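Colleague: I have a few questions about this one. Can you put it up?

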Number of protein chains: 2
Amino acid sequence: MTENLGWALDRAVAVAADRLAVVDGDRRLTYAELGRRVAAMGTGLHGLGVKRGDVVGVLSLNSLTHLECWLGIPRHGAILNDLNYRLSPAELSFVVDDCDTAVLIVDDAHLPVGRAILESSRSLRHLICMGSGAAPGDTIAYEDLVAGDVEPSPVVDGGDLAGIFYTGGTTGRPKGVMLTHDNLVANAKHTIIALGHVSSDRYLHAAPMFHLADGSQTYALTWVGGTHVIVPAFDAATVLETIEREGVTRTVLVPTMINMVVHHPTAHAYDLSSLRQILYGASPMPEKLQRTAMELIPSCDWVQGYGMTETSPMVTAMSAEDHRRGMMGDEPYASRLRSAGTPIVGVQAEIRRPDGALADVGEIGEIWIRGPNIMAGYWNRPEETAAALPGDGWFRSGDMAFSDKDAYLYIVDRAKDMIISGGENVYSTEVENVIYEHPAVIEAAVIGVPDEKWGERIHAVVVISAGATVDQDELIDHCRQRIARFKAPRSVEFRLDPLPKSGSGKILKRDLREPYWESEHRRVH
Amino acid sequence: MTENLGWALDRAVAVAADRLAVVDGDRRLTYAELGRRVAAMGTGLHGLGVKRGDVVGVLSLNSLTHLECWLGIPRHGAILNDLNYRLSPAELSFVVDDCDTAVLIVDDAHLPVGRAILESSRSLRHLICMGSGAAPGDTIAYEDLVAGDVEPSPVVDGGDLAGIFYTGGTTGRPKGVMLTHDNLVANAKHTIIALGHVSSDRYLHAAPMFHLADGSQTYALTWVGGTHVIVPAFDAATVLETIEREGVTRTVLVPTMINMVVHHPTAHAYDLSSLRQILYGASPMPEKLQRTAMELIPSCDWVQGYGMTETSPMVTAMSAEDHRRGMMGDEPYASRLRSAGTPIVGVQAEIRRPDGALADVGEIGEIWIRGPNIMAGYWNRPEETAAALPGDGWFRSGDMAFSDKDAYLYIVDRAKDMIISGGENVYSTEVENVIYEHPAVIEAAVIGVPDEKWGERIHAVVVISAGATVDQDELIDHCRQRIARFKAPRSVEFRLDPLPKSGSGKILKRDLREPYWESEHRRVH
């Protein structure tokens, strides 16, 4: 048996049995107690016929039991499929069936949609309810799953799949990113090295666990025997109150969330001095917000991370030292605040030309990434897998960037035409496909434009047919009925002239974006 | 190509090209300069006919060029065989030929013995001299090896051997421990996690580099882009002077060395406040020494490590926090000072009964160890490999210990009958075999007894034949002519009666050791 994700909790139970493992509302568990429940989950899953390699889905807000799924499902040889609850019911059904999910675990809030998925699914066999009360008759009680005897775990190899994580696809259908135990073990170690988790840490799960940015922290923190503090979902007031009450030392947030926290009317009323480090990512942090945040929490280090699901996820980091010196205006640190930092220990990143040759310093090219954290491929997508993994261990990220002479990466564009809004990835193509379904639309382009709250806002530029009438609200409603609300445009611009195009007829999105971004001093998307 | 040891220097060259990489006397190199030399080594080795999988030996004091061998030899697909220069010429010849060493790199001090080895060796093809002047005519100049053009490196896989490290064997012949790139990469990451290396660190190579305890730090420190400060060999005055002059922040020492440093007459004359952490191992640190050391360098954290060559080497660590609280007399920390700490992130350690079952808390058993750091096996020793690696990823350490309820390991004995004296492993059997060669000796047992300077001292208990005359000095001389000086007894006790034996006729060494160790409050060897 080689190293696997089970080792993280095994170590915590051995060296920190009596230490506080989880705080979730009124529930407080030691590692001995958490370890007992997670170990028993194997017996429970086995009793439901779940075998090594079967997929178990989760659809839930953040909670102790959701955390247990991250620790328990891969540990017992099954594959975690943690669903983004902001997807539409149709999208959720697709993600469940695409990878033959056998069992779905839902919390109370997602029981109705869980039932709907079960009804239409061709792969689901059981619905498990994590609710606090008695489980409804058509479901299995999660608490029964973790209350039984402990059987020996099946053999789990490092090469086994630990999870399938769905990301939006350029073709419009989400793709399942296959991550092995080796991938997530490597990322856990790299994360501890880059961020410095220690046993006295109290990490706040405030961002949604179904995102790898938060979920993957589970393994890093557990391995060092730190304490997980959990809130059901991001809410600025709850986050502030929880940091003070539980002495939270670190968390992961997207700038949109940081913005809501530091500008919350009661922010100054809380003692936030326990915070040692906040990792943020998905978009850069405007300098004004950075200053406000540093003034509110002077004890706190700020680290920016760059990564993606396919890389388990951490690739680069901009250190606390870079932030401190950059904010003081020292060069080259001040300029580097526009960057995503440098490759972390264990991961390689290079800027390549279209022909695969290395780009020069300062030359824009595609980011190629290599390391033990690179995904095994996309589930059942051999062509997209082959394109993303061209060989020799490399992954083609699709993101465009240049690097300076000290290997700081400056992201300038996303080849996959992706927008990151409030920490969620939105693929333009997917939104455009839905807009095109509206009968009045002749041409449509979806771009990200700067937005103080969301980092980037989904903006549609649309040409409608002569004589047709459609307004902004109608078009947005049209989208919201078909795809997740967070993917729908928040603003629409109507044009009479055809959209600008390249010689080959491709819409020139950079031309559309330019007017919005030219006043931004930070990196251009 | 999978991750390999070359990635450490690649990252440092990318993110820290202008940073100081090495200080060795008057020589100061940046990472760009170091990277250039190490990259060129591939061309040089290739020109000598060294292919992927060939063994390159090194016999040298600590130096910049010795460090380059650690970085360059495995990087270019060859296997490092770093020789303990304290071995006798006959032992060195054995270690060179046992693993078919093709090329031997020596410094000026070891040129004569290098020539002698070359003359008698059946495997060596070339002798390379790292001396500062022109290389003698029968050797190749090391500087030519690292001054040429850079060719693309050969493909190196994680499973390739990076080094063969010889340890004394219970049978009397040293055994070659085969460590892969994966092993040493895992240890580098685990070491950074356990010790917290950062880019601003200045690590002092004061212990001999040929020992994995110091040599393996090369990869951890390089990967984060820290600075290597090198002294040729341990010398208390030089160490003190170098710490002050170069602002050394961390080092690895054995207690014998710490003892010499803190009791050096000029110790208080130096500014040692740059020191942030000292890792010590191989034997526990007497409480009095610990107190003296903490008073001399109050800025410094103390961490104890436990490991062995077969584990690349780190297995457990007792943290700085444990030391601080233990020295204040707080329980359970004070009692834990007698322990070797807890398994580090990435490594599992269990106490097992002779039948392989898990021992209870407090019950003495053998330490079994598992992780990506476990050796591939012993070179050309299938039987000893099979015995040490019984399957399922486990390595049987041969060391006996118990653990407390928080997984702190207390080492009580070494099943392999090994003594650690001044940081060097000495196998009793090897010394006993040599003593038995003396015609007057009927029975002999070699044990470790407590010694203020050496941690343990090699002590022989001997029964001689009636009528024979031999005294302590003669017997010690007899040994020194046949094996390395550090392995020879430092004291001999003559007995008239047969030595105490078990029912099966085995000498009861515990009975011999007991009177020496019973007054020790610390762990018993």
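Colleague: Which domains does the assignment give for chain A?
Modeller: Domain 1 covers 6–233 and domain 2 covers 419–517 of chain A; the bounds come from an automatic or database domain assignment. This is a predicted model, in which local features need pLDDT of at least 70, side-chain atom pairs count only at pLDDT 80 or more, and totals for chains, interfaces and linings use all residues. Residues are numbered from 1 along each chain as its sequence is written, and chains are lettered from A and ligands numbered from 1 in the order in which they are written.

Colleague: How many residues of domain 1 of chain A are in contact with domain 2 of chain A?
Modeller: 10 residues of domain 1 of chain A contact 11 residues of domain 2 of chain A, where contact means C-beta atoms, placed from the backbone, within 7 Å. On the domain 1 side, 2 are nonpolar, 6 polar and 2 charged. Here Ala, Val, Leu, Ile, Met, Phe, Trp, Tyr, Cys and Pro count as nonpolar, Asp, Glu, Lys and Arg as charged, and the others, Gly among them, as polar.

Colleague: And between the chains, how many residues of chain A touch chain B?
Modeller: 25 residues of chain A are in contact with 25 of chain B. The chain A side has 13 nonpolar, 7 polar and 5 charged residues. Helix 1 of chain A gives the largest share, 4 residues; helices (H or I, at least four residues) and strands (E, at least two) are DSSP runs, numbered from the N terminus.

Colleague: Why do the copies meet through the same surface?
Modeller: Because 100% of the interface residues of chain A are also interface residues in chain B.

Colleague: How do strands 10 and 11 of chain A run, parallel or antiparallel?
Modeller: Parallel, joined by 4 bridges. A:Tyr203 stands opposite A:His228 in strand 11 of chain A.

Methods:
Two residues are in contact if their C-beta atoms, placed from the backbone, lie within 7 Å. Two strands pair if DSSP finds at least two bridges between them.
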